[in-house]
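Take a look at the model before reading on.

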There are 2 protein chains.
Amino acid sequence: MPYRAPLESFQLILDHVVGYDDVARTGRFAEAGSETVQAVMAEAGRLCEDVIAPTNRVGDQNPAVLENGVVRTAPGFKDAYRAIAEGGWVSSSADPAHGGMGLPITLTTAVNEMMSAANMSLQTGTLMTQGQIEALEHHASDAIKDLYLPRLISGEWAGTMNLTEPQAGSDVGALSTRAEDNGDGTYAITGQKIYITWGDHDMADNVCHLVLARIPGAPAGTKGISLFLVPKFIPDADGNPGTRNDLRVVSLEKKMGTHGCPTCVMSYEGATGWLVGPEQGGMRAMFTMMNNARLGVGAQGVGVAEAAAQAAIAWAAERKQGKSPTGTIDGHADVRRMLAEMRAETFTARSIALACAVAIDMQTATGDAEWAARAALLTPIAKAFGTDTGIAVSQLGIQVHGGMGYIEETGAAQFLRDVRVTAIYEGTNGIQAMDLVGRKLADGGEAAFALLDEIEACAESVRHDHPTLAEPVWQAAETLRETTEALVARDAADRQAGAVAYLRAFARVLGGYFHLKAAMARPDGPEARLAAFYITRMLPEHTGLCAQARAASDTVMALSPDDLAA
Amino acid sequence: MPYRAPLESFQLILDHVVGYDDVARTGRFAEAGSETVQAVMAEAGRLCEDVIAPTNRVGDQNPAVLENGVVRTAPGFKDAYRAIAEGGWVSSSADPAHGGMGLPITLTTAVNEMMSAANMSLQTGTLMTQGQIEALEHHASDAIKDLYLPRLISGEWAGTMNLTEPQAGSDVGALSTRAEDNGDGTYAITGQKIYITWGDHDMADNVCHLVLARIPGAPAGTKGISLFLVPKFIPDADGNPGTRNDLRVVSLEKKMGTHGCPTCVMSYEGATGWLVGPEQGGMRAMFTMMNNARLGVGAQGVGVAEAAAQAAIAWAAERKQGKSPTGTIDGHADVRRMLAEMRAETFTARSIALACAVAIDMQTATGDAEWAARAALLTPIAKAFGTDTGIAVSQLGIQVHGGMGYIEETGAAQFLRDVRVTAIYEGTNGIQAMDLVGRKLADGGEAAFALLDEIEACAESVRHDHPTLAEPVWQAAETLRETTEALVARDAADRQAGAVAYLRAFARVLGGYFHLKAAMARPDGPEARLAAFYITRMLPEHTGLCAQARAASDTVMALSPDDLAA
């Protein structure tokens, strides 16, 4: 089941669903018009289809190993990574001043999705480097920028993010890694970090770690944290990898999936590091990195969903079983229903991710606060719903495969095992939902209501000609509006028990909106039929979700730990 | 995280939720009164806690292997299996005439759940033997019964089910294994079978296969199929394992989970078999076996859900992260919400399984057609919802564990990898839903309406004192009634696209009913708080599901395979 890059879907969504033409009309992205975008995506798509996708099963079957302190990757990974680097795909949005292509995040998001579909384990490495590039662009000194950025952007060197410690997972402020001033402009970094994705490998000449640490005397909690760049090899005077730094990989985790991706326990033992941004400005710099990484992880979910959907659809079109109108299992109503859900959900998640990316690009290009608010609102939804969709679609993919879905050789199970982590890392999906009902509704719901206004206006404009599609979308937006009003009227803490349901309800309503727009663009196409499926059968889920989101937290908190343990 | 048998939950459900006292009042099960039941469950529970549960991780890490044609199981499995056999737990419902305990299926279901929680891979073996015992009790000749049943019931010998062939998965009628009459009362069986659970192993002295095959000249499809008993070793005159039969394990599948359980490709090469039941009566005999196996698989889902819930609750009570009222992560509202969902869903699935078992026992004891109809209605729901719950609760368990949930050492991922197969085997959950909206509504909905009458009567009886619990349950039952009416008014084929949603809606409403009854039994206990949680926050899901169930299939079937592949 070879992967095919979904270029037509991207084009439809960019042109008719998320308003990419706004981005292309800005001065900043004037060179990224529709034709350029199509050409770029086609080129990246070919790379994903021909070079990257063939490495996916290999990575699952040949987990990365730690040998004599060095991580060795699966056969073929190094070549695939080199092809990514040579194509400029490590970070196509990076600043041209340091060798980047300066393309919109919207394009990078589409490319990230395709690369994740082809091999999520491998793509996670480029995603880490993307985040590092962005953090350095925003926060590093010119000297660091000049030395590191060209090498990271070209893919010669790779980047990692080091946040988590054994006793400080989601609670980053509890970290204990310390950074002592060497008095020569460098710091000595000492501590242990866990879950370090691509913490070491043999695909790049140097691995550069961004490490959160506390300078002695700094305040407790997140406020006292600073960010350091700690390379595996300290660059020499010519900018080549020189002396080995005092850091090492202690062990690799044995994980449910992403076997191709080394997840490292790292030990820093007085390693030399350079401060990035001001002292105690670590969290701000890290948030730059994490914010876009959240969208990137959402795109990973979409990519795996697309790959799983393609595999299941191809399987169902070949597999004969029972009497069916098509002669194959895709003629059975319930199999057809599962395939349709896979397609409809993947479309929804992709549209949300690209809508978020468009908002980020518009914010970058215009500095407009409304675009910033839109981007901030959509980021946790893109992350959580994208990854939940990756999981749900992979689950359906296994089910469509029947018994063969449980056997590893079909690859259906790998999709689920790989994508499962995306709901956890880069802030668990529960934390995304907290962000949505907390910080993102702290404006009294203004950004949310602006988006709901837009949805309702769209539904109203086509209501007359397409009542069966437009009416339920309008109604769902209205129910979500009432739910949002109920939440903002409530104490922030009291919103949390319904946060996950609220985020999912929001995604459901956005799905209705985006499917409606696609149907209007292609009223006689498969898009309109998929929209009818989604709006009739999946959109109604929002009522139960809104009920759960509106419910006060008392029924949750009344259940004590003792009650639950009983 | 040691497993603890949920004896109190069983007792509450048997006494106050599913009306087990009806069973104990019958002549057939007069000896299985409440005290006996408690004693039996406590004994089985200790075995599961002390002997079986410690083998669960071992089995995952030491997959069964095929060596020189013989399957070797993980360290400790043989001893644990012997303890199961010696305790009489292979099949506690087996006929005392052949050495069984003759206990109600209700008890066997509870024991199966506990054994699955402790080690699902291992328990699958006993479940296969249970099914074989039942098929032989109902359909075999006295000679076969006398020879095989005592040895199967004692666990000396083990049983398997051989239905599936490479080109005949869910479509059993397409099988091509043939059985040629040897003219001496035996048949020569030739063909290949796949997905044979525990098809060979080193835990019992003989492995007896029930094999579906076609006698030459028999009609095509399911009608022409006969059932044969084909032992690995042909019993000698003393009933001891004698000559090796002409069958072999070709290979073991590499699966996503249940690594401890060998899933075999079997080859029968003129193997000697004995007819069970009449010629061409194979499907009827197989359905006997499959019907109760469906409930058994549902109980596997519940068992894994319970184990995953216990592990997550224990983890969340230990894990410190962020500021929380309890000091541990179970103080965070969203974590508490996840733990509550795990508990509420497990309770619902357990109650449905036990209600189904009670109906089977009442049917056995009374021969009453209404009990038979109730059992038939609940069986696909118990199977599909039980296993969906196993998956959903395991998913939540991983999420509660955060990053550690994705690392294999915590065991959280194993629960999901193991239980995932239960939604596929013994009839996929889609097929269960087809059965529900097809055969089980073929009575015009009579059995469904009878159950809804019971639910509404219960809700009405407590409505005055407990309106916030009783009202939503009554309303949900009424919505499900209207949905059922809409389905029975429709062509059976047109029900299928909404079948899965209908089954889930039914389970949701049953959950409301059972939680309500538990709350009435313990109005000041954790059961009442859990009921309030479920009814307020989870029961509302039924509205979206009912909408999907009621929707005609046109929006599904309008999407052609070409549309989906686009």
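The questions below set values against definitions.

Q: What should I know about the model before using the numbers?
A: This is a predicted model, in which local features need pLDDT of at least 70 and side-chain atom pairs count only at pLDDT 80 or more, while totals for chains, interfaces and linings use all residues. Residues are numbered from 1 along each chain as written, chains are lettered from A and ligands numbered from 1 in written order, and side-chain values use heavy atoms, without hydrogens and water.

Q: Why is the pair A:Arg529 and B:Asp563 called a salt bridge?
A: The term asks for a side-chain nitrogen of Lys or Arg within 4 Å of a carboxyl oxygen of Asp or Glu. The closest N and O atoms of A:Arg529 and B:Asp563 are 2.6 Å apart, so the pair qualifies. Across the interface of chain A and chain B the rule finds two salt bridges, and over all chains the search finds 60.

Q: How do you know that chain A and chain B touch, and how much area is buried?
A: Contact means heavy atoms within 4.5 Å, and 82 residues of chain A are in contact with 82 residues of chain B. About 7,000 Å² is buried between the chains, with carbon and sulfur atoms giving 58%; buried area is the accessible area (1.4 Å probe) that two parts lose on being put together, summed over both. In chain A, the residues losing the most area to chain B are A:Tyr406, A:Arg537 and A:Leu564, together 13% of what that side buries.

Q: How do you know that the copies are related as by a two-fold axis?
A: A rotation of 180° with 0.0 Å of shift along its axis superposes chain A on chain B, at an RMSD of 0.0 Å. The two copies are therefore related as by a two-fold rotation axis.

Q: Why do we say that the copies meet through the same surface?
A: Because 100% of the interface residues of chain A are also interface residues in chain B, the copies meet through the same surface.

Q: What makes residues 281-436 of chain A a helical stretch?
A: The chain there is 79% helix and 0% strand. UniProt, in an unreviewed entry, annotates these residues as "domain: Acyl-CoA dehydrogenase/oxidase C-terminal".

Key: Least-squares fit on C-alpha atoms with pLDDT ≥ 70 in both. UniProt positions renumbered as here; feature names shortened; annotations may be inferred. Helix = DSSP H or I, 4+ residues; strand = E, 2+ residues; numbered from the N terminus.
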